[in-house]
Amino acid sequence: MPVISYDLPDRFVAGAVGRPGERTFYLQARAGRRITSVGLEKFQVTMLAERLEELLDEVLRRSGGSAPVPAVTPAELQDDGPLDQPVEEEFRVGTMALAWDPEDERVIIEAQEATDEEGPEPLTAEPGEDEPPIAVLRVRITAGQARAFAERALKVVSAGRPPCPLCGLPLDATGHVCPRQNGHLR
(Lines give C-alpha, C1' and ligand atoms only; values in the text may rest on other atoms or scores of the structure.)
Protein backbone atom coordinates (compact mmCIF):
# COMPACT_ATOMS: atom_id res chain seq x y z
CA MET A 1 0.00 0.00 0.00
CA PRO A 2 1.65 3.29 -1.07
CA VAL A 3 1.70 5.74 1.83
CA ILE A 4 2.28 9.46 1.26
CA SER A 5 3.58 10.60 4.61
CA TYR A 6 4.08 14.07 6.11
CA ASP A 7 5.51 14.44 9.60
CA LEU A 8 4.97 18.02 10.82
CA PRO A 9 4.35 19.51 7.36
CA ASP A 10 4.92 23.20 6.70
CA ARG A 11 1.22 23.44 5.84
CA PHE A 12 -1.83 21.16 6.11
CA VAL A 13 -5.17 22.67 5.08
CA ALA A 14 -8.58 21.99 3.61
CA GLY A 15 -9.58 24.16 0.68
CA ALA A 16 -11.93 24.41 -2.26
CA VAL A 17 -11.60 25.32 -5.91
CA GLY A 18 -14.49 26.64 -7.98
CA ARG A 19 -17.62 28.71 -7.56
CA PRO A 20 -20.10 28.06 -4.73
CA GLY A 21 -22.33 25.19 -5.77
CA GLU A 22 -19.63 23.82 -8.08
CA ARG A 23 -16.67 23.61 -5.70
CA THR A 24 -14.23 20.73 -5.46
CA PHE A 25 -12.79 20.17 -1.99
CA TYR A 26 -9.22 19.15 -1.18
CA LEU A 27 -6.91 18.27 1.67
CA GLN A 28 -3.46 19.62 0.94
CA ALA A 29 -0.14 18.97 2.67
CA ARG A 30 3.10 20.77 1.89
CA ALA A 31 6.66 20.25 3.09
CA GLY A 32 9.17 22.44 1.28
CA ARG A 33 8.42 22.17 -2.44
CA ARG A 34 6.58 18.84 -2.08
CA ILE A 35 2.78 19.27 -2.30
CA THR A 36 0.10 16.57 -2.08
CA SER A 37 -3.56 17.29 -2.77
CA VAL A 38 -6.33 14.73 -2.34
CA GLY A 39 -9.96 15.30 -3.31
CA LEU A 40 -12.89 14.70 -1.01
CA GLU A 41 -16.51 15.63 -0.48
CA LYS A 42 -17.76 18.68 1.41
CA PHE A 43 -19.35 16.52 4.12
CA GLN A 44 -16.01 14.75 4.64
CA VAL A 45 -14.30 18.09 5.27
CA THR A 46 -17.00 18.98 7.81
CA MET A 47 -16.79 15.60 9.55
CA LEU A 48 -12.99 15.70 9.72
CA ALA A 49 -13.01 19.21 11.25
CA GLU A 50 -15.70 18.30 13.79
CA ARG A 51 -14.01 15.04 14.79
CA LEU A 52 -10.65 16.79 15.15
CA GLU A 53 -12.22 19.30 17.55
CA GLU A 54 -13.83 16.45 19.52
CA LEU A 55 -10.55 14.50 19.67
CA LEU A 56 -8.59 17.52 20.90
CA ASP A 57 -11.24 18.40 23.49
CA GLU A 58 -11.23 14.80 24.75
CA VAL A 59 -7.42 14.70 25.03
CA LEU A 60 -7.51 17.98 26.95
CA ARG A 61 -10.30 16.71 29.23
CA ARG A 62 -8.64 13.36 29.97
CA SER A 63 -5.32 15.02 30.77
CA GLY A 64 -6.95 17.39 33.20
CA GLY A 65 -5.66 20.30 31.15
CA SER A 66 -2.01 19.19 31.23
CA ALA A 67 -1.82 18.00 27.58
CA PRO A 68 -0.23 20.45 25.13
CA VAL A 69 -3.58 21.06 23.44
CA PRO A 70 -4.65 24.68 22.95
CA ALA A 71 -8.31 25.41 23.73
CA VAL A 72 -8.48 27.73 20.71
CA THR A 73 -6.45 28.17 17.53
CA PRO A 74 -3.13 29.94 18.19
CA ALA A 75 -3.09 33.21 16.22
CA GLU A 76 0.28 32.41 14.60
CA LEU A 77 -1.13 29.18 13.10
CA GLN A 78 -4.21 30.70 11.44
CA ASP A 79 -4.08 30.18 7.67
CA ASP A 80 -6.60 31.79 5.34
CA GLY A 81 -4.48 31.66 2.19
CA PRO A 82 -5.49 29.88 -1.00
CA LEU A 83 -4.43 26.33 -1.77
CA ASP A 84 -0.87 25.99 -3.05
CA GLN A 85 -0.64 25.72 -6.83
CA PRO A 86 -0.77 23.55 -8.79
CA VAL A 87 -3.69 21.64 -7.27
CA GLU A 88 -3.28 18.17 -8.77
CA GLU A 89 -5.48 15.50 -7.22
CA GLU A 90 -3.47 12.42 -6.21
CA PHE A 91 -6.63 10.44 -5.42
CA ARG A 92 -10.21 10.73 -4.10
CA VAL A 93 -10.63 10.07 -0.40
CA GLY A 94 -12.88 7.26 0.77
CA THR A 95 -12.14 6.42 4.39
CA MET A 96 -10.48 8.66 6.97
CA ALA A 97 -9.07 7.93 10.42
CA LEU A 98 -7.88 10.06 13.34
CA ALA A 99 -5.66 9.21 16.28
CA TRP A 100 -3.76 10.87 19.10
CA ASP A 101 -0.18 9.70 19.61
CA PRO A 102 0.44 10.29 23.35
CA GLU A 103 4.21 9.61 23.07
CA ASP A 104 4.86 12.32 20.48
CA GLU A 105 1.80 14.38 21.43
CA ARG A 106 0.70 14.53 17.78
CA VAL A 107 -2.54 14.13 15.89
CA ILE A 108 -2.42 11.54 13.11
CA ILE A 109 -4.79 11.92 10.16
CA GLU A 110 -5.07 9.25 7.52
CA ALA A 111 -7.05 9.64 4.31
CA GLN A 112 -7.40 6.43 2.32
CA GLU A 113 -8.11 6.27 -1.39
CA ALA A 114 -11.70 5.45 -2.32
CA THR A 115 -12.23 2.05 -3.91
CA ASP A 116 -14.99 0.69 -6.10
CA GLU A 117 -16.85 -1.92 -4.09
CA GLU A 118 -17.94 -4.21 -6.90
CA GLY A 119 -18.51 -7.36 -4.91
CA PRO A 120 -16.39 -10.52 -4.90
CA GLU A 121 -13.26 -10.80 -7.00
CA PRO A 122 -13.88 -11.93 -10.58
CA LEU A 123 -13.31 -15.62 -11.25
CA THR A 124 -10.56 -14.75 -13.75
CA ALA A 125 -8.21 -13.50 -11.00
CA GLU A 126 -5.05 -15.52 -10.58
CA PRO A 127 -4.77 -17.44 -7.28
CA GLY A 128 -2.66 -15.53 -4.75
CA GLU A 129 -2.95 -12.27 -6.70
CA ASP A 130 -3.07 -9.32 -4.34
CA GLU A 131 -5.65 -6.55 -4.53
CA PRO A 132 -4.48 -3.37 -6.24
CA PRO A 133 -2.63 -1.06 -3.85
CA ILE A 134 -4.68 1.60 -2.08
CA ALA A 135 -3.00 4.98 -1.58
CA VAL A 136 -2.99 6.62 1.86
CA LEU A 137 -2.16 10.18 2.87
CA ARG A 138 -0.81 10.14 6.45
CA VAL A 139 -0.20 13.46 8.19
CA ARG A 140 1.20 13.96 11.71
CA ILE A 141 0.57 17.44 13.13
CA THR A 142 0.65 19.23 16.47
CA ALA A 143 -2.52 19.91 18.43
CA GLY A 144 -2.22 23.59 17.54
CA GLN A 145 -1.98 22.76 13.84
CA ALA A 146 -5.03 20.51 14.22
CA ARG A 147 -7.04 23.35 15.82
CA ALA A 148 -6.01 25.66 12.98
CA PHE A 149 -6.92 23.02 10.38
CA ALA A 150 -10.38 22.48 11.90
CA GLU A 151 -11.12 26.21 12.14
CA ARG A 152 -10.12 26.84 8.53
CA ALA A 153 -11.98 23.75 7.25
CA LEU A 154 -15.24 24.91 8.83
CA LYS A 155 -14.77 28.38 7.28
CA VAL A 156 -14.17 26.85 3.85
CA VAL A 157 -17.32 24.73 4.09
CA SER A 158 -19.48 27.64 5.28
CA ALA A 159 -18.21 29.94 2.48
CA GLY A 160 -20.47 28.24 -0.06
CA ARG A 161 -23.97 29.18 -1.14
CA PRO A 162 -26.09 30.92 1.51
CA PRO A 163 -28.88 28.83 3.07
CA CYS A 164 -32.60 29.43 2.45
CA PRO A 165 -34.06 31.11 5.56
CA LEU A 166 -37.06 28.74 5.46
CA CYS A 167 -35.65 25.29 4.73
CA GLY A 168 -31.88 25.68 5.19
CA LEU A 169 -31.05 24.19 1.77
CA PRO A 170 -28.48 26.09 -0.34
CA LEU A 171 -29.81 28.93 -2.50
CA ASP A 172 -28.84 28.88 -6.17
CA ALA A 173 -28.42 32.00 -8.29
CA THR A 174 -30.68 30.31 -10.87
CA GLY A 175 -33.53 29.83 -8.37
CA HIS A 176 -34.60 27.69 -5.45
CA VAL A 177 -37.61 25.45 -5.01
CA CYS A 178 -38.23 25.54 -1.27
CA PRO A 179 -39.91 22.41 0.11
CA ARG A 180 -41.30 24.43 3.03
CA GLN A 181 -43.38 26.60 0.72
CA ASN A 182 -45.25 23.59 -0.75
CA GLY A 183 -45.44 25.34 -4.12
CA HIS A 184 -47.06 28.51 -2.72
CA LEU A 185 -45.49 31.95 -2.93
CA ARG A 186 -45.48 34.05 0.21
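**Exercise 1.** Find L8 and decide how exposed it is.

*Solution.* Start with the surface: L8 has a relative accessible area of 37%, so it is partly exposed (buried is under 20%, exposed over 50%, partly exposed in between, with a 1.4 Å probe and protein chains only). Finally, check the backbone: L8 is not a glycine, yet its phi is positive, near 50 degrees. Most residues other than glycine have a negative phi, and most peptide bonds are trans.

Before you continue, note that this is a predicted model, in which local features need pLDDT of at least 70, side-chain atom pairs count only at pLDDT 80 or more, and totals for chains, interfaces and linings use all residues. Residues are numbered from 1 along each chain as its sequence is written, and side-chain values use heavy atoms, leaving out hydrogens and water.

**Exercise 2.** Locate the cis peptide bond that involves P86.

*Solution.* The bond joins Q85 and P86, with omega about 0 degrees. Then trace the chain around P86: this residue sits in the loop between α1 (42–62) and β5 (89–101).

**Exercise 3.** Work out how β3 and β4 pair.

*Solution.* First, β3 (residues 24–31) and β4 (residues 34–40) run antiparallel, joined by 7 bridges; strands pair if DSSP finds at least two bridges between them. Within this pairing, Y26 stands opposite G39. Last, look at the hairpin: 2 residues separate the strands, and G32 takes a positive phi near 65 degrees.

Notes. Helix = DSSP H or I, 4+ residues; strand = E, 2+ residues; numbered from the N terminus.
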